[in-house]
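This briefing covers a contact between two protein chains, followed by two local sites. Please look at the model first.

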Amino acid sequence: MNIILNGNAREYPDTLSATELLHSLGLADKRLALEVNQEIVPRSSFDNHIINPGDRVEIVHAIGGG
Amino acid sequence: MSTVMQVHAHVTTDPLFIAGVEYRSRLLVGTGKYKDMDETRAATEASGAEIVTVAIRRTNIGQNPNEPSLLEVISPDKYTLLPNTAGCYTAGDAVRTCRLARELLDGHDLVKLEVLGDEKTLFPDIIQTIEATEILVRDGFKVMVYTNDDPIIAKRFEEMGCVAVMPLAAPIGSGLGIRNPHNIMTIVENATVPILVDAGVGTASDAAIAMELGCDGVLMNTAIAGAQDPILMASAMKKAIEAGREAFRAGRIPRKRFASASSPIDGTFFQEDV
């Protein structure tokens, strides 16, 4: 399936949970926030939230800013 | 109470309250534009700031996931983090950013709202900012709002429920100092929430002037991070904020056109008695 991850197209062999997605990116234990199709996915739902074909996924973190 | 203790009490019992939380420092700092995390950490510490702004951005997918993260350096346990909506040009983007920040920071709801009008001036788009404020306040956020130095608009933001109103002194990153001190003073006089100058400070005297005008605090980033020695400038800003605040509380003398001698006129030994 294809998804848009942080603005870039990405292909995955099958649907996967948010936890699996983060794990595949090496971000499993990072402090971040997740939005799918402009809706926040709470950390507590990562295991159950399934990423579907065509989803627009945003993964954000805090960086320096003023 | 000894004189020394009285002075001490005078100086220290002047906390800043934002959304019911007490802070000792009236200097708020950003964490952008530093050369590395060590400099960020050292300058932030030297500033004495307790409230520190951060930006919310996409994670770098596919790059080194082990690079140090800002929140390891600027810990939410040590500082009050103030996520900003820098880079947002619409109310919708600003609201999304705040919601992501709240999720990222485990429900922390103090945010710095800025919705920009154009890239050249980075002046706020007030119409978009008002729209975002309405949504965020309704959604339970504690909004510290970046605005222009218009006293009417500043009052509107207060009435809408912002916990602090933050007029610019000059364009973001310009270092031009307090361009319109009379408006800043009017905003301060009208306000019942904290007024903080946000943006435009260039050097320590600018920060002192903002405080002498009666501002409750100053938020700055470039003036420190862009200085030749950011850590030294952070220390200078800390002192300027404290000095300006004390001068404001002490009450300055009125300006007069002509001199007023400091030493007594009577009793000079070279005067002829009549």
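How many residues of chain B are in contact with chain A? In this predicted model, 27 residues of chain B contact 27 residues of chain A. The points below describe that interface, then a helix and a loop residue of chain B.

**Extent and composition of the interface**
- About 2500 Å² is buried between chain B and chain A.
- Carbon and sulfur atoms contribute 56% of this buried area.
- There are 16 residue pairs in polar contact between chain B and chain A, both partners being at pLDDT 80 or more.
- On chain B, the elements that give two or more residues to the side touching chain A are β4 (51-58), α3 (70-73) and α4 (91-104).
- β4(B) gives the most to that side, with six residues.
- By residue class, the side of chain B that touches chain A consists of eleven nonpolar, eight polar and eight charged residues.

**Salt bridges between the chains**
- Four salt bridges are counted between chain B and chain A.
- One of the salt bridges joins Arg43(A) to Asp106(B), where the closest N and O atoms are 2.7 Å apart.

**Strand pairing across the interface**
- Strand β7 of chain A, residues 56-64, pairs with β4(B) over five bridges.
- The sense of this pairing is antiparallel.
- Within the pairing region, Val54(B) of β4(B) has Gly64(A) opposite.

**Helix α8 of chain B**
- Helix α8 of chain B spans residues 204-212.
- Its buried residues are Ala204(B), Asp206(B), Ala207(B), Ala208(B), Ala210(B) and Met211(B).
- The cover over the buried residues of α8(B) includes β9 (196-198), β10 (217-220) and α10 (230-250) of chain B.
- After α8(B) comes Gly214(B), which has a positive phi near 105°.

**Ser25 of chain B**
- Ser25(B) lies in the loop between β2 (21-23) and β3 (27-29) of chain B.
- Is Ser25(B) buried or exposed? Its relative accessibility is 14%, and buried means under 20%, so Ser25(B) counts as buried.
- The side chain of Ser25(B) reaches the backbone nitrogen of Leu27(B) at 3.1 Å.
- Leaving aside residues up to four places away in sequence, Ser25(B) touches Leu16(B), Gly48(B), Ala49(B) and Glu50(B).

Methods:
Residues are numbered from 1 along each chain as its sequence is written. Chains are lettered from A and ligands numbered from 1 in the order in which they are written. This is a predicted model: local features need pLDDT of at least 70, side-chain atom pairs count only at pLDDT 80 or more; totals for chains, interfaces and linings use all residues. Side-chain values use heavy atoms; hydrogens and water are left out. Contact means heavy atoms within 4.5 Å. Buried area is the accessible area (1.4 Å probe) that two parts lose on being put together, summed over both. A salt bridge is a side-chain nitrogen of Lys or Arg within 4 Å of a carboxyl oxygen of Asp or Glu. A polar contact is a pair of N or O atoms within 3.5 Å; within protein, one must be able to donate a hydrogen and the other to accept it, and residues adjacent in sequence count only if both atoms are side-chain atoms. Helices (H or I, at least four residues) and strands (E, at least two) are DSSP runs, numbered from the N terminus. Ala, Val, Leu, Ile, Met, Phe, Trp, Tyr, Cys and Pro count as nonpolar, Asp, Glu, Lys and Arg as charged, and the others, Gly among them, as polar. Two strands pair if DSSP finds at least two bridges between them. Buried means under 20% relative accessible area, exposed over 50%, partly exposed in between (1.4 Å probe, protein chains only).
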